[in-house]
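Dear colleague,

Please find the structure below, followed by some notes on what was found in it.

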Amino acid sequence: MGVVRHGGVAAARRASTAIGAAVVVAALAACSAVTTIFADAAPRTAPYPVPGTDLFDWKGVVHCHSYLSHDCDGTVEEILDACRVAGIDFVVMTDHQTDASVRDGLRGRRQRTLFVVGAEIRTPQGTIIAFPLRKPLRRWQSAGALVAEARRQGAISFLCHAERTKAWDTPGIAGVEIVNLHAGAVSANRAGMLAAGLFLPLRALFQQICRRDDEVFHQWDAQLAQRHPMTPVGGNDAHASVRIFGPLGGTIGNYREVFLTLSTHVLAPSMDEEQLIAAFRAGRSYTSFDLFGDGTGFDFRAVDGNGVHLPGGTVTTAAELELRVGTPAVGVIRLLRDGEAVQETTGKDLAHRAPAPGVYRVEVRTRGGAPWLFSSSIRVVAPAT
């Protein structure tokens with residue numbers, strides 16, 4: 001062992017302190033994870049039937065990376081474990097595209113979960129996720145050309161990282177990531193995150209990245225006024241882990257934590273690739289920050305003399321038409337028309353009679369004010385003349 005000179009002792013002490021801090025944080029995170037985020041998800045009926053229909057509520061993850069991405073070393077075993085813990089019915093794999101990621105990606109049914117292979121691809125206008133893919137898409141093309149090429153092989157495309165996209169007007173886009181956990185982490189208050197990481201349970205850290213970006217929702221509403229549906233999904237952006245102290249450790253954001261924090265639900269008669277894509281195309285989806293409670297069973301519908309009309313649908317206004325909302329637990333329910341709130345209540349149910357023409361969607365916050373549930377939209381039109 002060499003002799004320490006010229007401030008080497010102080011440097012060694014600083015390094016020792018940093019390592020000690022990393023160990024403490026890692027220990028705190030491990031302890032809190034066992035008692036909060038890492039706990040098995042609450043039991044639920046699976047698949048969960050949608051009342052009055054032949055559909056079921058399927059819980060999934062959209063935007064997941066694996067060892068096939070250049071910035072991730074997550075394994076298939078880790079992903080399957082997270083699916084079991086979080087009760088996940090489907091996962092859309094979106095590795096950064098390579099020939100190998102499409103060829104060797106996790107595809108088909110594994111245990112109880114359906115896997116669909118897609119890709120996350122950058123364009124000059126912004127990032128797109130497209131799925132299902134059978135062969136790689138060409139790189140270095142515009143968002144519109146990429147979406148058109150994906151459609152030719154039966155894939156659907158979504159705006160990814162909507163907080164920085166310039167591709168909102170791209171023809172053929174099926175929907176948008178209305179929330180994204182990575183974007184939430186980037187935009188969260190750094191001092192608050194550091195304090196939460198050092199002194200609070202891991203759950204408190206994840207609460208800070210469950211964020212609603214006002215500008216993203218404003219742009220989404222503007223698109224819904226022009227084209228309906230524009231299907232919402234939640235971007236888990238799972239990369240296996242994030243090291244808050246770099247090589248020193250303090251790992252957060254593994255698959256279990258991320259899958260238990262955010263989910264995207266679709267309403268479909270069965271869980272296979274064809275029905276999953278059909279549900280996304282039709283706009284039958286909603287997004288849930290499950291950190292605040294499993295969203296399974298969230299319900300938004302229009303009811304009239306012709307029966308039930310689900311999100312993604314269009315219905316004609318009438319005196320008998322009623323928009324109905326049901327939530328799995330008490331929350332602050334807001335019904336919005338063309339992006340503006342028209343009714344709000346605290347509880348588990350909301351009803352709105354004879355709605356005026358417009359595009360309606362629902363947002364639910366917890367009683368503490370945290371963002372929780374986000375529906376797809378129902379369009380109400382005036383009677384034909």
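How many residues does the largest nonpolar core have, and which of them have the most contacts inside it? The largest nonpolar core has 56 residues, and C64, I79, V91, Y255 and F259 are those with the most contacts inside it. A nonpolar core here is a set of buried Ala, Val, Leu, Ile, Met, Phe, Trp, Tyr and Cys residues joined through side-chain atoms within 4.5 Å, where buried means under 20% relative accessible area with a 1.4 Å probe and protein chains only. Helix α2 (residues 76-86) gives the most to this core, namely six residues, helices being DSSP runs of H or I with at least four residues, numbered from the N terminus.

Please bear in mind that this is a predicted model, in which local features need pLDDT of at least 70 and side-chain atom pairs count only at pLDDT 80 or more, while totals for chains, interfaces and linings use all residues. Residues are numbered from 1 along each chain as its sequence is written, and side-chain values use heavy atoms, with hydrogens and water left out.

Leaving aside residues up to four places away in sequence, V91 touches V61, C64, C83, T113, L114, F115, V116 and F259, a contact being heavy atoms within 4.5 Å. A second, separate core of 20 residues includes V233, V266, A279 and F280.

Best regards

Technical notes: Buried < 20%, exposed > 50% of the residue type's maximum accessible area, 1.4 Å probe, protein only. Helix = DSSP H or I, 4+ residues; strand = E, 2+ residues; numbered from the N terminus.
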